[in-house]
Amino acid sequence: MKWPRLLVALPLLAACERQITTPEQTPFESDLMEVGPLTTDLLQPGPRVPTLERDGLMSATAAPVMTTGPNPDLLWRRSVSGENTVWRMKDTTYTGSAIGLPSAATAWEVGGVADFNRDRRPDILWRRASTSSNVIWILNGAGGVADIVALPTSAPEWKMAGAGDFNRDGSPDILWRRPSTSSVVLWMMNGATLTDIVALPALDSTWSVGGIADMTGDGFPDILTRKVSTGTNVLWRMNGVQKAEEITLAPLAWPWILAGAGDFTDDGKADLVWRHPTSRKSVIWVMNGTTYTGVYTYLPEVHPEWSIVGVADFDPPPPVPSSVTATAVSGSRVDLAWADSSALETEFRVEVRAGSSTTWTLLATLPANTTTFSHTNTVVNVQYSYRVIACDGSACSAPSAIVSATPGQSAPTADTGIVTALGTTTTVSGSAVPNGLPTVGWLELDDNAGFTSPASSDTASLGSASAPKGIERSFSGLTVGGTYYFRMVARNSAGTTYGSARSFVVAAPPAPVGLNATFITSSLANSVDWTFPDNYGISYSVDGFRIERRRSDETTWTTRDWREPAFCGSAGNGHCGDYDINVRTPTTYVYRVQLCNGVGCGPWAETSVTTQVFAAPTNLVATAGAGKVTLTWQDNTSSEDSYRISRRSEADSVWHSINEVDPNVTTVTDNSVTPGVRYEYRVEAFASSGTMSSGFKYQYSDYSNVATAVPY
């Protein structure tokens, strides 16, 4: 939904025309809904509650505690400074972790907390009576405000008293009261759009509204009222927008304030939160519907300047994964699938139990947005039950519906492999998945695709696991130039499976595929790469290829023992790393590669690449000082491993290396000087490349300019 920045007020809806006849009900005036501007002082970046620890609240940087299922949290506000923070709760206990929210100007008051944009995260209603302004903070779930939505204004004497979905249409509605006339009304909302106004029975000004929550477990929000002067608490049990009855609750003496209600014990019925206005005390009453159980939890003490202004789950767990299915696709595998119900999760957890077990075991932890998983190595004729849980790092959903599957007996799968060695004796491979039953496998070879008279290898036991089991077998007496077909065969008690046929020709291989050469700046090397064609029995090591090199100004190829091409610092698997190259000046190298197998070697493929210069440092400056010389220069490369500094004095014609510094360093001080002596300096970049097995190649840039200084 695209949230409007400013809502234009609807015409006043004639709730009076409903003929609400309850004698207590009072009319409301047109000043409840007017158009007003969106003010600019509501959202202030401000400090993240800098006084929390001093006042008894924990730092917002504390790590969240993992919880399971809904856990109402407490929204705190310090009205004298505009600071706001949220306590993360677990049951009725503060976890020690908090969510810092932006501050809001002190003239603004929190009017309620509810999910207005249906993203499963609570949003915050704000009211500034002095300007009749009303807005919603649309929260992003990470302690930030994603948007600010303006609502119609209402006259200053009207007070927001909370929010709840009274008509159960999925959108919370806003409760208003005007103490001067005892008026109580509901704004019926569709998201942030006002659709109707409903009058409720009157509430005397000596009473306050302490919260909106489902106290009876019937799915309708109820209204909690309190007369502080007498300690009396009365519940308006609501049936939608109608007050069904008044229920007197356990009293609590003055001056305790009813700060809100939420289902902290996860029993489907709300519990009560109390705050003492002059002491540091706060307490949660555990309720059984409208009956106080006598169980309570005192919260950590907090400075009286802080008030509890909202109760909601600010770290809601992700929705429960839905539409979970389990399908036994073989005797050793069950495939799971489910619907990802939101974008809130950071991971999914798949749990399993087998047979008659009642214990759930974590089977897999999967990334966000995953919707499938395969359980392998299952056992034939054992029933497996599964459930899926969505988690977001601070909370987990309830488990999904349980689904079950029983793997039955099934024939193995068979996959034909490749030619691993080719010649008049050729070796081929294949693999099979036993699917939970004892399985044997073998390879067949024929000179026709119909396998009318195949030669079969000896059989191999493949076990009964669900993982692929591979075999290799050799066939002799083949003819050079002949075409042959081979396939994998696997058999268990449930049936025999034939893999797809593959073919090969007993011949030397073709040229390598995709031969390419690239200069690698970071390693000062040429990378030569290619792909081996399948089914020619080519070794992926240096046994399977020959590589030669020449400079573009040469006509003779550098021919090496093709098993150990000297200019390849690393070789094999379709790659040659050539470190023995010129990087002082741009130089073009031409490479050619030939593939070989047991029959012979194929045609050459050719490519070329031009090296880049290993740039020397420039702008070397020598600055004389008292008993020292300071050098600075410009770094022109990212390839260096170090810089080497050399020096000679006016009485010495030989350059001497005096220092070596780390890469990217561009200044050094020479303290080993004699005052009054003229010194010359130069700097060069140094890099080493290659491998331990091939030996290292050392590369040096050209020298920088010479800089002179006379220390004093």
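N659 sits in strand β49 (residues 656-661), where strands are DSSP runs of E with at least two residues, numbered from the N terminus. At 30% relative accessibility, N659 comes out as partly exposed; on this scale buried means under 20% relative accessible area, exposed means over 50%, and partly exposed is what falls in between, with a 1.4 Å probe and protein chains only. Setting aside neighbours within four places in sequence, N659 touches Y643, R644, I645 and V668, a contact being heavy atoms within 4.5 Å. V683 is 24 residues away from N659 in sequence, with the two C-alpha atoms 9.7 Å apart.

A word on the ground rules: this is a predicted model, so local features need pLDDT of at least 70 and side-chain atom pairs count only at pLDDT 80 or more, while totals for chains, interfaces and linings use all residues. Residues are numbered from 1 along each chain as its sequence is written, and side-chain values use heavy atoms, with hydrogens and water left out.

T232 belongs to strand β15 (residues 232-239). T232 is also partly exposed, at 28% relative accessibility. Its side chain makes a polar contact of 2.8 Å with the side chain of T230; that term covers a pair of N or O atoms within 3.5 Å, where within protein one must be able to donate a hydrogen and the other to accept it, and residues adjacent in sequence count only if both atoms are side-chain atoms. Beyond neighbours within four places in sequence, T232 is in contact with W207, T225, R226 and K227. A250 is 18 residues from T232 along the chain, and their C-alpha atoms are 7.7 Å apart.

Strands β2 (residues 73-78) and β3 (residues 83-90) are joined by 5 bridges, and L75 has V86 in β3 as its bridge partner.

A second open sheet has 3 strands, in the order β22-β23-β26, again antiparallel. The antiparallel pairing of β22 with β23 (residues 333-339) runs over 6 bridges, and T325 is partnered with A337 in β23.

Aromatic rings are next. The whole structure holds 16 aromatic pairs: rings of Phe, Tyr and Trp (its six-membered ring) with centres within 6.5 Å, called stacked if the planes are under 30 degrees apart, edge-to-face if over 60, and tilted otherwise. F686 and Y700 make a tilted pair, 5.2 Å centre to centre with 50 degrees between the planes. F686 is in β51 (residues 679-691) and Y700 in β52 (residues 695-700), so this pair ties together parts 14 residues apart in sequence. F686 is buried at 9%, whereas Y700 is partly exposed at 28%. Elsewhere, W76, W87 and Y94 form one aromatic cluster.

Charges over rings turn up too: K243 lies over the face of W236, 4.2 Å from the ring centre, and the charged end of R592 sits over the ring of W604 at 4.3 Å from its centre. The criterion is NZ of Lys or CZ of Arg within 6 Å of the ring centre and within 35 degrees of the ring normal.

How values were computed
Pairing = 2+ DSSP bridges. Helix = DSSP H or I, 4+ residues; strand = E, 2+ residues; numbered from the N terminus.
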